[in-house]
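Take a look at the two chains below. This report walks through them step by step.

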Amino acid sequence: MSFTLDDLLALSPVIALSAGALVLMLTEVFLRGERRGYQAIATAVTALAAALLYVWLGPESIAKPRALSGGFAVIDGFSCFAGATICIGLLFATLIGAGFLKPRAAERGEFYALCLLAAAGMCLLVQGNDLLFIFVALETMSIATYALAAYLRAESRPTEAAFKYFLLGAVSSAFFLFGAALCFGASGHTQLTEIGRLSAAPQVAGTQALLLAGLVLLLVGFGFKIAAVPFHMWAPDVYEGSPTPVTAFMAIAVKTAAFGALLRVLITAFGETGLAGPETWRPLLGGLAILTMVGGNLWALSERSVKRMLAYSSVAHAGYLLVGVVSSGNLETRGEAVSSLLYYAAAYTAAAGGALGVVALLERVGPESGQAWDLDRFAGLGQRRPFSAAAMTVLMLSLAGIPPTAGFMGKFLIFRAAVDAGELPLAIVGVVSALLGLYYYLRLIVYMYMRPAAQTAVPVHRHWPGEAAVIAGAAATLWFGILTGPLANAAQLSGLFGG
Amino acid sequence: LSLNLLIFLPAIGAIAIALLPREEHGQLRAAALTFMLATFGLALWVWGAFDPSSAAPEFQLETQWSWAPSIGFTYHVGIDGVALVLMLLTAVLTPLALLSAFQSVRERVKEFVIALLLLETAMLGTLAAIDLVLFYVFWEAMLLPMYLLIGVWGYERRIYAAVKFFIYTMAGSLLMLVAILYLYAATGGPGSRTFDLPAILAHAPHLALPVQRWLFFAFALSFAIKVPMFPLHTWLPDAHVEAPAAGSIILAGVLLKMGTFGFVRYAFPLFPQAAIQYRPLLAVLAVIGIVYGALMSLSQSDMKKLVAYSSVSHLGFVMLGLCALTVEGITGSVYQMLNHGISTGALFALVGFLYERRHSREMSQYGGLAAVVPALAAVFLIITLSSVGLPGTNGFVGEFLILSGTFSSKLPQSPWYTMFGALGVILGAVYMLWMYQRVFFGPVKNEANQGLADLTPREWTVLGPLVLLAIGMGLFPGPILSRIQPAADRLVHRLEHTQPALVGTPLASLARLRVTGIPPRPNQGTPAPIDEPGAVPSIPRIHLPQTFHPLPRPQGAHP
């Protein structure tokens, strides 16, 4: 197993992200004084550079998907698209964080370094082609995120959130590891390609049963990571308690990465017909998808806290993404399903990133009470900040899936793939639950435009990085909702797996 | 290109207005009005460019651009006669709606005009789109501006009404989305799949009947909510009562027509067999809507609510005419869509003007206004008469065509439908005239009404064109009917093609109608079982006349 220059090139985005993290940690140590403005800029530049590297690697990887030496990772269109989406998610988190931390005097190199490290783990996750490698990447991502959740350690809520996240994350890692061990026991390999070869060619019935057990355990592990109902219990508390930039990071980047890995494991290792194949996981995940879509939207309905509402909405969106995963079980329409999922993840990144950016703008400096993110805080925003309110409206419409936004196109593609794959019931449940979701997204618009501001309204902060994130999110949402061609085309090309 | 400019000019205006300062209300209104009038000018141009002859292609002034080729969307617009007249209606009503709100909307004027302009683009786009996804995008895009119009500038219970409006409408459209996706998957093999309407129109009618039934159900549900048809109408009174006058004008004038337009353009031609099967059900609901809407109107004391329920009744007529599936009925329905837009738009404007003066919509607060505001009373009377369908006004032409089209149709028991429809006409006269009597006749009971001002020049500008249209379209329906009729012909041909025994107007009946003004007896033959097309007795195909003047001059028929 020897590394070639090409392999290094394929990992160059990850290398860039890690290098950025190291630089930030080192300079933080030697920093005198309080001039920390460069940190956010360096992080943003690194994130953008990594995203561009993925975009640059994209066309060649689509044409020639290949495994790196040793076969532990691959570079293909899927990983490039997902990686670029993750890096854009990191960019959102950085921008929101830059605006959020400064007024709280909490801007430190660790924050950005942890973000970068987590993103490096995520990028490896979507490139990983070996259960052990995926596990290591998963832990790199998770441990960095646990630390990020507790970043504002002076306050009790982040600490509580981080602890919850850590406990449940550890449980999910255990499930994942156990599943990986069973798969290894059945096949003698940890590489997904090798497992796939075995699950496609059934020899001994016992092996298949062992693989099946491994598959189910892996699914449970992923279920926690993507916050699918009924493994979602941690999500609202953790999302609410974490500092808002971290919430954004978890909602968008972690989700994309976890779905990327899930899809690769399912398709590469369990993609062909067999006992441990689509026939088994399609109905399983289909049930999860229904529970997640309906449950997420139902619970969000009764939430008055905007942050918790967005947490449940993120659960619901995991359900829609799961519909894409289920559709990919149909071998004939697999490419369409995978590309619809990629598009959806990108659209969700812009919408949720921007929406949490608005939440961060409205946050009070200092400890927040239990009613912190109540809807009332948005009352009269249309008068006080017409621009932010208009952006938030666009983002809410995108989350609700109403044209002309990218969110609509995402839902459209996901449901189209579902109908094509013969999953009509899932598509119908999907649209009905989208209707449920409509109510709480609209409620926010009601508050912004149709209710007067409270007398004691919290002043809206003006920090340009946060506002830039909001505007970028809204602009991208509209842009890709109307001129959807290029992004949809890129997603379609990236819908094919390699390795 | 003119068509594209027509669709997007209001949106361009909205963007331009977003850059203007928000305090300068006069400037904002003037700019918006300029854009809307320019749009109207373009609409007239499009009207001139449209070829009304029946030899012309189905969709004219087409533009097709690739939008997202990898997923089969195209930007494809084009219009037939139905879309043409409805686009003109939109372009007429929107500036009038804005003009009517100069006085009543004083807050957030900037957002108001932007919402109206965006709404206009969405409405025009819905009418012109001939790609299913493009249609759906515009269709949904209509919701948000209307939602804001109701929710921000409405009356007390505006938020409830706005949310109800949005969720109700969205519920239907989402199922339609699934149906569109299914249609895409079902028509055409891999590589040739498309959302393009002309291509789908060629394939969809050949789908198996059970599939057609489900798809028709999904489309029809969405459109029926929008119309709204009888059991699905409950959002309408709320939305109308709480919406500002300008919102009501657009909502009643144009938005509701999108539902009936959807039936004409999508639900019927795409799924002809299912349409014929469901036709009796739709017709029954339409008739219930006519009578129920009229009865509800009778019992209202709030003028706006009365007009809102009268919309349910009038749109029942439109649906009845469509269900007749005769050239006459369909032509009359489309004509009635225009009439309803004009007369109800004017009624909402008038009620709005009264509200601006007295801040009440209760009829008991008024009485004897004819002496105080004679001009307003006169205009109100003309519009009332047009709404009840007095010969010489536009309402008569539409209702007459619908009723005679229904009577001569092959809908089972068509005379009964016609009878109940006619009952609706009578009830319509009762509630409208009764309202007129309670508001305008008698002594001035309420002291507050003594000093009311008569119509201002601005109000004349709003009402003048509508009154002229109401009378003009009653006296000279020809130019509009001749543009609608080829489209109606085409629709009847499409359905006739699948079920010859159940659709269509015999040539003779049209001729008889023209000579005597008396509708012929309907065909009483037993309809063939629909499930077995082979069992249909072979009836010779009837070729419809190339030119069509179905109308006796209204004054001649009823002096």
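What follows covers the contact between the chains, the backbone, the rings and the charged pairs.

## Ground rules

This is a predicted model, in which local features need pLDDT of at least 70, side-chain atom pairs count only at pLDDT 80 or more, and totals for chains, interfaces and linings use all residues. Residues are numbered from 1 along each chain as its sequence is written, chains are lettered from A and ligands numbered from 1 in the order in which they are written, and side-chain values use heavy atoms, leaving out hydrogens and water.

## Where the chains meet

The size of an interface is often given as the accessible area lost when the parts come together. Buried area is that loss, found with a 1.4 Å probe and summed over both parts. Between chain B and chain A it is about 3,200 Å². Carbon and sulfur atoms give 78% of this area. In chain B, Ser70(B), Arg108(B) and Leu181(B) lose the most area to chain A, together 16% of what that side buries. Contact means heavy atoms within 4.5 Å. By that rule, chain B gives 34 residues and chain A gives 39 residues.

How many salt bridges cross the interface of chain B and chain A? The rule finds zero. A salt bridge is a side-chain nitrogen of Lys or Arg within 4 Å of a carboxyl oxygen of Asp or Glu. Four residue pairs are in polar contact across this interface, both residues at pLDDT 80 or more. A polar contact is a pair of N or O atoms within 3.5 Å; within protein, one must be able to donate a hydrogen and the other to accept it, and residues adjacent in sequence count only if both atoms are side-chain atoms. On the side of chain B that touches chain A, the elements that give two or more residues are β1 (60-68), α5 (132-141), α6 (143-153) and α7 (158-186) of chain B. The largest share, 15 residues, comes from α7(B). Helices (H or I, at least four residues) and strands (E, at least two) are DSSP runs, numbered from the N terminus.

Most residues other than glycine have a negative phi, and most peptide bonds are trans. Chain A has exceptions. The peptide bond from Val229(A) to Pro230(A) is cis, with omega near 5 degrees. Pro230(A) lies in the loop between α9 (205-226) and α10 (234-241) of chain A. Ala227(A) is in the loop between α9 and α10 of chain A too. Its phi is positive, about 60 degrees, although Ala227(A) is not a glycine. Ala227(A) is buried, at 1% relative accessible area. Buried means under 20%, exposed over 50%, and partly exposed in between (1.4 Å probe, protein chains only).

Another cis peptide bond joins Pro403(A) and Pro404(A), with omega about 0 degrees. Pro404(A) sits in the loop between α16 (386-400) and α17 (406-420) of chain A. In chain B, look at Leu61(B) in strand β1. Its phi is positive, near 50 degrees. Leu61(B) is partly exposed, with a relative accessible area of 26%.

## Aromatic rings

The structure holds 44 aromatic pairs over all chains. Rings of Phe, Tyr and Trp (its six-membered ring) pair if their centres lie within 6.5 Å; planes under 30 degrees apart count as stacked, over 60 as edge-to-face and the rest as tilted. Phe112(B) and Trp153(B) are edge-to-face, 5.2 Å centre to centre, with 75 degrees between the planes. Phe112(B) is in helix α4 (residues 109-128) and Trp153(B) in helix α6 of chain B, so the pair ties together parts 41 residues apart in sequence. Phe112(B) is buried at 2% relative accessible area, and Trp153(B) is buried at 13%.

## Charged pairs

Side chains of opposite charge can pair when their charged atoms come close. The count comes to 20 salt bridges over all chains. Which partner does Glu459(B) meet in a salt bridge? Its partner is Arg357(B), at 2.8 Å, N to O. Glu459(B) lies in helix α19 (residues 457-475) and Arg357(B) in helix α14 of chain B, so the pair ties together parts 102 residues apart in sequence. Both Glu459(B) and Arg357(B) are buried.

Arg197(A) and Glu194(A) form a salt bridge at 3.2 Å, N to O. They are three residues apart in helix α8 (residues 192-200) of chain A, separated by about one helical turn. Arg197(A) is exposed at 53% relative accessible area, whereas Glu194(A) is partly exposed at 23%.

Notes:
Buried area is the accessible area (1.4 Å probe) that two parts lose on being put together, summed over both.
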